[in-house]
Structures are given as structure tokens and as C-alpha cells.
Amino acid sequence: MLKNLRPSLRTLLVHFIALALVLSYRYYFSEQNQSSNVFALTLTEGLIAATLGILAGLRAWWIPINFLFFPLLYIGLNYSINPLWYLAIFSTLWLLNWNAFTEQVPLYLSGKKTINALANQLGKNKPFTFADFGCGLASVLLPLARQFPNAHFIGYETAPLPYLIAKLRSTGISNLDIKRQSFWSTNWNAYDVIYCFLSPAPMPAIATQANQQIRPGAVLVSNTFALPQQAAAKVIEVSDLRKTQLFIYQY
């Protein structure tokens, strides 16, 4: 049941439970006239929240957030850290992970070995159109655009800060366009290759729209997250630390 809730709501719930347990623990010891270390309690709350987050199906990147939230808040309140630092950090994280809150798609970065494996699947001698759905910082598009000058690359990104960084990084590369636009609103049959590295949440909708719009002969490559109830034509195992898998679907 918890896994049906949005990650932000699951996070609030696990912290509510963790706080309730920690405050109950502190109340018990105060009744026994025993003192408790507040910072240790924040660490305990973080450990409980991180554990509950895993059980609630939150992605791995939520673990340090859940564990460190209250300890860092305690440090900030007790060591007179300027509140503007909190605002700056929060704003940066918000702008980087805009889609984690709106579409349950955090910022994932593809590694060099993954990009090389992807490049090996692309035709070297004929022009093609390549779209990256949720291109982030353009870490995939930049090396591919340089490696395949006869191809046309398009990146779609709606998170403000990644879009700005990708746009600046792509300056001067004539066969690469970065658009601040949702890929859901584009015409998918315009591409020969579509690449995405999203999350489990949008994959059912990706499968539906792909089957409706991708033209015959085109390819969809999904990093890590497979399309539900649809067998991939090929699965490429990348020898990186994440043991990345590229699911290739031929239409």
C-alpha cells in the first residue's frame, strides 16, 4: 500500500513514524529521570527513517536524505549556520531534481562505459535522429554528438538547472539541440533512436506511448528500467559499478 504513494508522501510518513518512536523513547527516559543526548536521538531518528524508507520502497538516493535530515538540522540550529545556506542548498537540490517531485524521476547520470555501449549500437555510416528523453546535463548527448557528426541529436529536459547546464554545454555543437520541453508532448515517430534513463514510475506510460507512436524500424533504449510486460529485443550488460543494463526495444 505504501508503495502506491508518491515518494515525497512516503518520506513524510516514515519521518513521522521515526519521530514518534524517538520522542516516545525520550519521554520514557525522562520519566526515569535519565538524560538523553539530543544529537544521538537525531541520528537514531535518521537511522529509523532510512530503514523504513527502504521498506517503503523508496529509491536508494533517499537513504542519505532520510538519514541526514534531522542531524544536519540539529547542527545548523546549534552552530549558528546562516539560514541562507539552507535556502541555497534546498534551492539547488530542488532545481536539479525538479522532476523527482513532479514526475518521480530523479536526476540520473549515465557513465562513460554506458555511453560507449550505447554508441556501439548506433549506425556509424548513415544519418539518424536521436532523442534523449530527460537528458539531464547532456552527459550522453555531448560525446555522441561529437562521435556521430552526421546524426541529429535532441535532448528534452524540464528541470530548470539541468536544462540550463545542458544548454550551455551544447553551445557550438551544430548537430545537438537542447529543448526545455516535456518529451510527452513531442512526436515520437520523428526519431530513429530514443534513449531514456528515468525511473520505474513512468515506464508503463512510456510503453503505451511508444507502442502508439514510435515508427516501424525505430529503437527505444531504456537504461536500467525495463518496459513492463514487453520483452526487449536485446539486453546489454555494462561492466560498471552499477551493473547497468540497457534494454533495447525494436519497433
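1. Let's start in the sheet: strand β2 (residues 152-156) and β3 run parallel and are joined by four bridges. Strands here are DSSP E runs of at least two residues, helices are H or I runs of at least four, and both are numbered from the N terminus. Two strands pair if DSSP finds at least two bridges between them. To get from β2 to β3 the chain passes through helix α8 (residues 160-169), and this β-α-β crossover is right-handed. Right-handed means that, with the strands pointing away from the viewer, the path from the first strand over the helix to the second runs clockwise.

2. A word on the ground rules: this is a predicted model, where local features need pLDDT of at least 70 and side-chain atom pairs count only at pLDDT 80 or more, while totals for chains, interfaces and linings use all residues. Residues are numbered from 1 along each chain as its sequence is written, and side-chain values use heavy atoms, with hydrogens and water left out.

3. Which residues of β3 are on its covered face? In β3 (residues 176-179), L176 and I178 make up the covered face, while D177 and K179 are on the uncovered one.

4. On its other pairing, β2 meets β1 in the parallel sense over five bridges. T129 stands opposite H152 in β2. The β1, α7 and β2 elements form a right-handed β-α-β unit. Why is β2 largely enclosed by the rest of the structure? Because four of its five residues are buried. For the record, buried means under 20% relative accessible area, exposed means over 50%, and partly exposed is in between (1.4 Å probe, protein chains only).

5. Between β1 (129-133) and α7 (141-147) there is a loop, and A138 sits in it. Its phi is near 70 degrees, a positive value in a residue other than glycine. A138 has 0% relative accessibility, so it counts as buried. Have a look at Q229 as well: its phi is positive too, about 55 degrees, although it is not a glycine. Q229 is in the loop between β5 (219-223) and β6 (234-237). Is Q229 buried or exposed? Q229 is exposed, with a relative accessible area of 88%.

6. Helix α9 (residues 203-213) has M203, I206, A207, Q209 and A210 as its buried residues. β5 is included in what covers them. Which residues does N211 touch, leaving aside its neighbours within four places in sequence? N211 is in contact with Q230 and Y251, contact being heavy atoms within 4.5 Å. N211 and Y251 are 40 residues apart along the chain, yet their C-alpha atoms are separated by 8.0 Å.

7. F16 is in helix α1 (residues 7-31), and F16 counts as exposed because its relative accessibility is 60%. The C-alpha atoms of F16 and E45 are separated by 9.7 Å, with the two residues 29 apart along the chain. K112 lies in helix α6 (residues 112-119) and is exposed, with a relative accessible area of 66%. From K112 to V140, 28 residues apart along the chain, the C-alpha separation is 8.4 Å.

8. Now the second largest pocket, with a volume of about 290 Å³. A pocket is an open set of points on a 1 Å grid over the protein atoms alone where a 1.4 Å probe fits, with protein on both sides within 12 Å along at least five of seven lines; lining residues have an atom within 4 Å of a point. Grid points are joined across faces, edges and corners, and the volume is the space filled by probe spheres set on them. The lining has 18 residues, and Q121, D192, V193, G217 and V219 lie nearest the centre. β5 and β7 (245-250) each supply at least two residues of that lining.

9. Finally, the whole chain. It has nine helices and seven strands, and 40% of its 251 residues count as buried. Among contacts between residues at least 6 apart in sequence, 62% join residues at least 24 apart. The chain exposes about 14,100 Å², of which carbon and sulfur atoms supply 62%; the areas come from the Shrake-Rupley method with a 1.4 Å probe, and for residues only the protein chains shown count as cover.
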